[in-house]
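Here are my notes from a quick pass over this one. Have a look at the model before reading on.

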Amino acid sequence: MQTISHLRRERIALTTIFMAILLIRIAVAFLGDEASQFSDAASYDSYASAIVQSSDWLFNPDFSGHYRAPAYPIFLAIVYSIFGLHNYLVVYLIQALLSSFTCLYIYMLSNKLFGKGVAYLAFGWAGIYVFYL
């Protein structure tokens, strides 16, 4: 059985790593540039703008984002309706938070499957892995 001080140290370590991962993602959000007009993000942005600005987006086959699945554009449209159109920074910050919790989930799953050592390694690696940022 683990002692209380051991559990407390583990909780502090997990919180510290989680906060570092979150701060890295927030820094990347502030350093990231806005959606380019030629990128994938521009397509999602135009889809979300169509959702916010017009009510016929669901049934109109001619609007700009009709070939994409609507889940992520609906998320963007919700953010845009609360914080304003093309507010990329808020989107990036929300994604930073979700991504940080995904890293925590990777830790918890790794801990159950492989043990603490592998779990900490997976947590740290997911936190700095470039494609997860």
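Which residues does S110 touch, not counting residues up to four places away in sequence?

1. S110 touches G115, V118, A119 and A122 on that count, where contact means heavy atoms within 4.5 Å. Keep in mind that this is a predicted model: local features need pLDDT of at least 70, side-chain atom pairs count only at pLDDT 80 or more, and totals for chains, interfaces and linings use all residues. Residues are numbered from 1 along each chain as its sequence is written, and side-chain values use heavy atoms, with hydrogens and water left out.

2. S110 sits in helix 4; helices here are DSSP runs (H or I, at least four residues), numbered from the N terminus. S110 counts as buried because its relative accessible area is 9%, buried being under 20%, exposed over 50% and partly exposed in between (1.4 Å probe, protein chains only). A polar atom of the S110 side chain is 2.8 Å from the backbone oxygen of I106.

3. L113 is in helix 4 too, but L113 is exposed, at 56% relative accessible area.

4. Over in helix 1 (residues 4–31), the 28 residues reach 40 Å from first C-alpha to last, close to the 40 Å expected at 1.5 Å a residue; the expected span is 1.5 Å times one less than the number of residues.

5. The buried residues of helix 1 are E10, L14, F18, I21, L22, R25 and A29. What covers them includes helix 4 and helix 5 (116–128).

Notes. Helices (H or I, at least four residues) and strands (E, at least two) are DSSP runs, numbered from the N terminus. A polar contact is a pair of N or O atoms within 3.5 Å; within protein, one must be able to donate a hydrogen and the other to accept it, and residues adjacent in sequence count only if both atoms are side-chain atoms.
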